[in-house]
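Here is a look at how charged side chains pair up in one protein. Keep the structure open as you read.

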Amino acid sequence: MLINSPTQARTPGERFRDALAESHPLPIVGTINPYCALLAERAGHKAIYIAGGGMATHSFGLPDLAVTTLTEILTEVRKITDVCDLPLMVDVDTGFGGMLNIARLVKGLIKDGAAAMHIEDQVAQKRCGHRPNKALVSTREMTDRIKSSVDARSDESFFIVARTDALASEGLQASIDRACAYMDAGADMIFAEACTELNQYSAFVKALNKPHSVLANVTEFSLTPGFTMTELADAGVSAALYPLSAARAMAHAAQVVYEAILRDGSQKNTLNIMQTRADLYDVLNYQAYEKKYDDLFASERSN
């Protein structure tokens, strides 16, 4: 009989909450596939993330415009949670439908091992949070989304983050008013999207006046400057999201290699930016898998 380790005994949501309590702020890094999740774990990270835009781009070759589905995001969650125990936060856009769809989504996320999700206050035909012309639902409709999420939560430790995109169109105070209403509706944390100044985060933190209340999205080439974790900590931010940092680096490296093969007739000038075969096997614990084959074949030969 297997005995669970202390890590296994804790739910994903509990482990995410533990990580929040231990880090100030907690870096949450984007992992576009299971192997990236293993690399993040190997680097020492305590929480990982599936970005909706990242899934659209890297799994389907589509833009971040609400083209993907509930079933597709749950498939990506299962791929990662099958191989990596780090608590996983999931971007669920606007919930993939109405209240019943949101309830089904939350139950599916918990069943498939996710630790947390964030849901946003844009209309169903959403845009990237750092693009113009975003349209929002009413505060009432967004609080209904949150209440549906909370009511569907079969595990109380599952962590629900409410994202507001209101800063760009409604201003800081209106965004804070929305954030307070979202917390009152049951959200565990507020994702203040597209902040341009540290004092904006401080204003959210002060108004919400609760532990672990604000998440910052420190995504590159965006409306938000590349604030350091020290700066974010000083502003009272509890979690810092890096949704596509590794994915952007991987995409650039891939482009460099593709171009080099055509230009140089060889890939050898790009070996310095590649992971070695030995490192790949080490991350995957390849030899342990291979040993099972060796033991099986040895047993068959002895028989």
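The paragraphs below follow the salt bridges, pair by pair.

This is a predicted model. The count of salt bridges in it comes to 22. Three of them are worth a visit.

Start with K134 and D165. Their side chains meet in a salt bridge, at 3.0 Å from N to O. K134 sits in the loop between strand 4 (116-120) and helix 7 (139-152). D165 sits in the loop between strand 5 (159-164) and helix 8 (167-170). The pair therefore ties together parts that are 31 residues apart in sequence. Both K134 and D165 are buried.

Now move into helix 7. D144 and R140 both lie there, 4 residues apart, about one turn of the helix. They form a salt bridge, with the closest N and O atoms 3.7 Å apart. D144 is partly exposed, because its relative accessibility is 27%, between the 20% and 50% limits. R140 has a relative accessible area of 62%, over the 50% limit, so R140 counts as exposed.

Next comes the pair E220 and R248. Their salt bridge spans 2.5 Å, N to O. E220 lies in the loop between strand 7 (214-217) and helix 11 (229-234), while R248 belongs to helix 12 (residues 245-264), so this bridge ties together parts 28 residues apart in sequence. E220 is partly exposed at 25% relative accessibility. R248, at 32%, is partly exposed too.

Finally, which residues do salt bridges with shared partners join into one network? They are D64, D93, E120, K126, K134, R163, D165 and E193.

Terms used
Residues are numbered from 1 along each chain as its sequence is written. This is a predicted model: local features need pLDDT of at least 70, side-chain atom pairs count only at pLDDT 80 or more; totals for chains, interfaces and linings use all residues. Side-chain values use heavy atoms; hydrogens and water are left out. A salt bridge is a side-chain nitrogen of Lys or Arg within 4 Å of a carboxyl oxygen of Asp or Glu. Helices (H or I, at least four residues) and strands (E, at least two) are DSSP runs, numbered from the N terminus. Buried means under 20% relative accessible area, exposed over 50%, partly exposed in between (1.4 Å probe, protein chains only).
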